[in-house]
Amino acid sequence: MSGPWLLPFHAGPPATLLCLAPAGAGCGQYRPWQAMAGPEVSVIGVQLPGRETRWAEPPASSVDEVVTGVLGELTALLKPDDPLIVFGQSFGGLLGYEIVRRLADEYGRRPRALIVAGCRPPHMWVGAGRGLADDDAELTKLLDVRALDEDDLDEDSRELMLDVLRQDARLSLTYTHHAVAVPATLEAWGGQDDETVTPGHLDGWRAYAGGGFRRRTFPGGHYFCLERADDVVAALGAYWS
């Protein structure tokens, strides 16, 4: 039996912040966000198989499998009028877009907002993972951008992270592009020193916003959400405060 897709860090408030991690990562990085966000919102992480609490499971076979699994649990968990904010970082932004798109299309539900961070617009993901899936040198570069502490990352841990990155690169290749504007406010956030996702890339999300668009810049690089977590969570709080 497979593990759950959703990992709630707090239960109670009707407002929910759904968080999707970047490629190669699990949702555990969002656990501290619950304390930062306070009791007005429930922070829920999306946990893909093959990492953290689901490390023994085989990787997901397609983006469609991930989105279907998440939507099945999410719609069972939330009441139709419960406020929902979807936040996705890098590859998680693409998954977040698909979740919001299908939530509206299949369930007639409109989240309060979709926020994507350090993420190129959907049309730029088509085939983009091909250069990463089987290129260890490129995967290593992507891992090194995170500037992880070598004292805390031994060789076995590093190889495990590279393997999860490889899995997610292959997963991204299963994405089928849908040029659909989602019925929600859409914000595209980026780090001012990010060389992977530029302001021009973020502006490309405007075409996918059916309820208003905003681009916002934070200090930091591609992983500014980890570097500036307090500022990021404070900015997200505008949607449930």
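**Exercise 1.** In this predicted model, which residues of H2 are buried?

*Solution.* Apply the cut-off: buried means under 20% relative accessible area. In H2, the residues that qualify are Val63, Val66, Val67, Gly69, Val70, Leu71 and Leu74. Now recall the geometry of a helix. An α-helix has 3.6 residues a turn, so residues three or four places apart point the same way. Next, locate the helix. H2 (residues 63–77) packs on the sheet. Its contacts there are S1, S2 (16–20), S3 (42–46) and S4 (84–89). The direction of H2 makes about 40° with that of S1.

**Exercise 2.** Check the span of H2 against 1.5 Å a residue.

*Solution.* Take the expected span as 1.5 Å times one less than the number of residues. For the 15 residues of H2, this should give 21 Å. The end C-alpha atoms are 21 Å apart, so the two agree.

**Exercise 3.** What is the strand order of the open sheet, and which strands are at its edges?

*Solution.* Read across the seven strands: S1-S3-S2-S4-S5-S6-S7, with mixed pairing. S1 (6–8) and S7 (213–218) each pair on one side only, and these are the edge strands. From one strand to the next, the twist averages 20°. Gly190 has Thr217 in S7 as its bridge partner.

**Exercise 4.** Is His10 buried, partly exposed or exposed?

*Solution.* Start with its place: His10 is in the loop between S1 and S2. Its relative accessibility is 31%, so His10 counts as partly exposed. Beyond its neighbours within four places in sequence, His10 contacts Gln34, Pro39, Val41, Ser42 and Val43.

Key: Residues numbered from 1 in each chain as written. Predicted model: local features only at pLDDT ≥ 70, side-chain atom pairs only at ≥ 80, totals over all residues. Heavy atoms only, no water. Pairing = 2+ DSSP bridges. Helix = DSSP H or I, 4+ residues; strand = E, 2+ residues; numbered from the N terminus. Axes fitted to C-alpha atoms, helices over the stretch in contact; angles between N-to-C directions. Contact = heavy atoms within 4.5 Å. Buried < 20%, exposed > 50% of the residue type's maximum accessible area, 1.4 Å probe, protein only.
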